[in-house]
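Please look over the sequence and the model shown here before reading on.

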Amino acid sequence: MRKNNALTLRPFHYVTPSISTMTIIMLCVLCPHIVMLFVTCSFQSLLIILSCVLSSFAAEAIDALLIRKRALNIPVTLLQGILTGMFLPPSYPAVTVFLLTFITLFIVKYSFGGIAGSWVNPVAISIVMAYFIGAIWFPTYIISPMTLQAHNASLIMLKDGVFPIYSFDTVITGFLNNNVFAKLGTNIPEGYISLLWDNSAFIPAFRFNLFTLIGSLVLFATRSLAWEMPTSFLVTYSFLVWLLCPVFAGGSFGNGDIILALFTSGTLMMAFFVLPWYGTVPMTVMGKLCYGISTGVAAFFIAGYGLSAAGAMFSVFCGNIFSLLIQMIENYYREKQLNRPVHPKTHHVQEHN
């Protein structure tokens, strides 16, 4: 008689992938960004990313092996280094980047613990410290009040040559207008495809928004990313930009350019890859929604219309503070529910059974 001694995990089922699996998926969807940096000969940006990766491994190795006596979490350490490097300008000295990132990450790990042990986002705090120490290396974007008052500020900047328009833009835009948007009774102007493909920004995370959007779909499809945080953040930030941004420049309500805000300052990369960092996210659905909304409000007042060199990371840092308060409220109600007295009738039934 044949016996089956194989062990399986059935009937158990994982609701979400493990942290290692989610991290590997994130690394895979970031590969096109790295490839595009090679294709566009952005070698100085690649050097900055390499410097951040090395400093991330150095900080993790000292903290994990010498202090906490545990093995390195290689995927998370690699992802942390890549994301940090992608939000730094290539003009930043590579040696300074290594030392600054290493010191910042080591202090954060030593003070608050490793992965999922810190309330502050390691990528965000590294960029914030880099900005405070070397703001001169971050680019400055200037936009006139007249442009801010316009309904299509991004289109004006495209026509003025602020953002490049590639040769393939005309062909793709014409195809989409004739075969897709014509049936909807509308069309899109030339330049938006180029802005989505590569806006030629100085900081790598601001570029290649098409790959960022495709990567986000992969993350959602594989359940590597919860929808509550990025969705609530993007909706809140986009609504405030649309409603209020022109008002600050003397314009009217409801005239803001959402495309300019989302595709020029690393907002999408921040929303899908940095905002939901392990350990900085509330546990409940309502907490995650509040976290995304509060970060969206912070992003509006810090980054404004976009075109901000480090506004996205400052927004994440402010969101981490809100998240800490939200998690304290969650813990309070969780302890309150656990300490709730059992109803006498229910207790009697349980004892009888």
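## The chain as a whole

The model described here is a predicted one. Its protein chain contains 16 helices and zero strands, and of the 353 residues in that chain, buried ones make up 48%. When contacts in the protein chain are counted between residues at least 6 apart in sequence, 77% of them join residues at least 24 apart.

Helix α2, which covers residues 43-67, has 25 residues and spans 35 Å from its first C-alpha to its last, a reach close to the 36 Å expected at 1.5 Å a residue. After α2 comes Lys69, a residue whose phi is positive, near 55°.

Helix α15 has 28 residues, and the distance from its first C-alpha to its last is 40 Å, close to the 40 Å expected at 1.5 Å a residue. The buried residues of α15 include Gly311, Ala312 and Met313 in one part of the list, and Ser323, Ile326, Gln327 and Glu330 in another. An α-helix has 3.6 residues a turn, so residues three or four places apart point the same way. The partners against which the buried residues of α15 pack are α5, α13 (267-274) and α14.

## Glu330 within α15

Glu330 lies in helix α15, which runs over residues 311-338. Is this glutamate, Glu330, buried or exposed? Glu330 counts as buried because its relative accessible area is 10%, which is under the 20% that sets the limit for a buried residue. When its neighbours within four places in sequence are left aside, Glu330 is in contact with Pro282, Met283, Thr284 and Gly287.

Rolling a probe the size of a water molecule over the atoms shows where empty space is left. The structure holds four cavities of 30 Å³ or more, and the second largest cavity has a volume of about 40 Å³.

Which residues line the second largest cavity? Its lining is made up of Thr84, Leu88, Val97, Leu100, Thr101, Ser126 and Ala130, and these divide into four nonpolar, three polar and no charged residues. Two helices, α4 (94-112) and α5 (122-133), each supply at least two residues of this lining, and the largest share, three residues, comes from α4.

## Open space: the second largest pocket

The second largest pocket holds about 170 Å³ of space. It is lined by 12 residues, of which Leu148, Cys245, Ala303, Gly304 and Tyr305 are the closest to its centre. By kind, the lining of the second largest pocket divides into 10 nonpolar residues, two polar ones and no charged ones. Helices α11 (228-248) and α14 (285-303) each supply at least two residues of that lining.

## Cysteines

How many disulfides does the structure hold? The number is zero. Cys31 is therefore in no disulfide, and the nearest cysteine sulfur, that of Cys28, is 5.6 Å away, whereas a disulfide needs the two sulfur atoms to be within 2.5 Å.

As for accessibility, Cys31 counts as partly exposed, with a relative accessibility of 41%. Cys318 also counts as partly exposed, and its relative accessibility is 26%.

Key:
Residues numbered from 1 in each chain as written. Predicted model: local features only at pLDDT ≥ 70, side-chain atom pairs only at ≥ 80, totals over all residues. Heavy atoms only, no water. Buried < 20%, exposed > 50% of the residue type's maximum accessible area, 1.4 Å probe, protein only. 1 Å grid on protein atoms, 1.4 Å probe; cavity = no way out; pocket = protein on both sides within 12 Å on 5 of 7 lines; lining within 4 Å. Points joined across faces, edges and corners; volume = space filled by probe spheres on them. Helix = DSSP H or I, 4+ residues; strand = E, 2+ residues; numbered from the N terminus. Nonpolar A, V, L, I, M, F, W, Y, C, P; charged D, E, K, R; others polar. Contact = heavy atoms within 4.5 Å. Expected span 1.5 Å × (residues − 1).
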